[in-house]
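I opened a new notebook page for this structure. My plan is to look up a few features and write down what I find.

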Amino acid sequence: MVYANLDTTAVLAWSPQAEKSIIACGTVAGAMDATFSSTSTLHFYDILGYSKDSSSSTSSIASISASGRFHRLAWSNPIQNRPHGILAGGLENGQISVWDPKEITDSNDISKVSPIFNSSDHTGAVAGLQFNPFQNNLLASGAANGEILIWDALSDFKSYSPGARSSRIEDVTDLSWNNQVQQILATSSNSGSTAVWDLRNRREVMNLAHSGNLGLDLNQGMNSSNGMSRSGVSAVKWHPNSPTQLVTSLDDDKTPVILAWDLRNAKSPTKFYSGHNRGILSLSWCLKDPSLLLSSGKDNR
């Protein structure tokens, strides 16, 4: 049964407020809707659900223009004097924009609302963005050319690098904070590598890359010069409860699989999951039930 339906071409982020079902949608980069508009908008909707008293399952709350189209949206829990948290957008032009959602949804004149922070420190598209689950003020971003930055919202968004740039990472495609150890971060790349970072010691501690076949034709696209798979890693997610386990997905149409890793023996994946017919685009691991892992792919599944 469909609870609600929203016809939009966008990336999204849920409000962290438990008492409200509000969703933020940013015009997605790399796609066109039926109007062929080149504008970018950040839109807020209240998810109402279908009922006999209403013909619509959603209600538009507010919208605001953005300086570029979105690759990622991340919505933090409440932070200091911002009870609705802050909303960060990773844009195709390398910019990171941060808004106070309360300012947007409560405004009587949206033209007077602007981002609380803008940065152009990244030189390419920002494809990785997430707030630290332990420290809401810390935001990790990953972009083209292996650029990774950590931003502190409580220190005027001052940024620092988690360590020396990894030679095995090209463009960052996704990133994920460890759900048990607050200083550990993983970043995936279109080079086929996934790096694990220790922010406390400011260094890369491990690099995951697979070139075996696992019963599938994972040798397609292999780079013979270094023996590593050139299938890009599209997403990375840490296990909700285990600090040493994570999953990565491949965007290659010939090898659309999810690889499970355990850092206690990271020479090769512990298992793989197949089911998609084309490359995998995203992963989401249920924090309430670790047995549930959601994936989406180019095959519209």
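Is cysteine 286 buried, exposed or partly exposed? I found 28% relative accessibility, so cysteine 286 counts as partly exposed. Buried means under 20% relative accessible area, exposed means over 50%, and partly exposed lies in between (1.4 Å probe, protein chains only). Cysteine 25 counts as buried because its relative accessibility is 4%.

I noted the ground rules. This is a predicted model, where local features need pLDDT of at least 70 and side-chain atom pairs count only at pLDDT 80 or more, while totals for chains, interfaces and linings use all residues. Residues are numbered from 1 along each chain as its sequence is written, and side-chain values use heavy atoms, with hydrogens and water left out.

Next, disulfides. A disulfide is a pair of cysteine sulfur atoms within 2.5 Å. I counted 0 disulfides.

Then I looked at an open sheet. Its 4 strands run in the order β19-β20-β21-β22, with antiparallel pairing. Strands (E, at least two residues) are DSSP runs, numbered from the N terminus. Two strands pair if DSSP finds at least two bridges between them. β19 (233-238) and β22 (271-274) stand at the edges with a single partner strand each, so one side of each has no neighbour in the sheet.

I followed one pair. β19 and β20 (residues 245-250) pair in the antiparallel sense over 5 bridges. Alanine 235 has serine 249 in β20 as its bridge partner.
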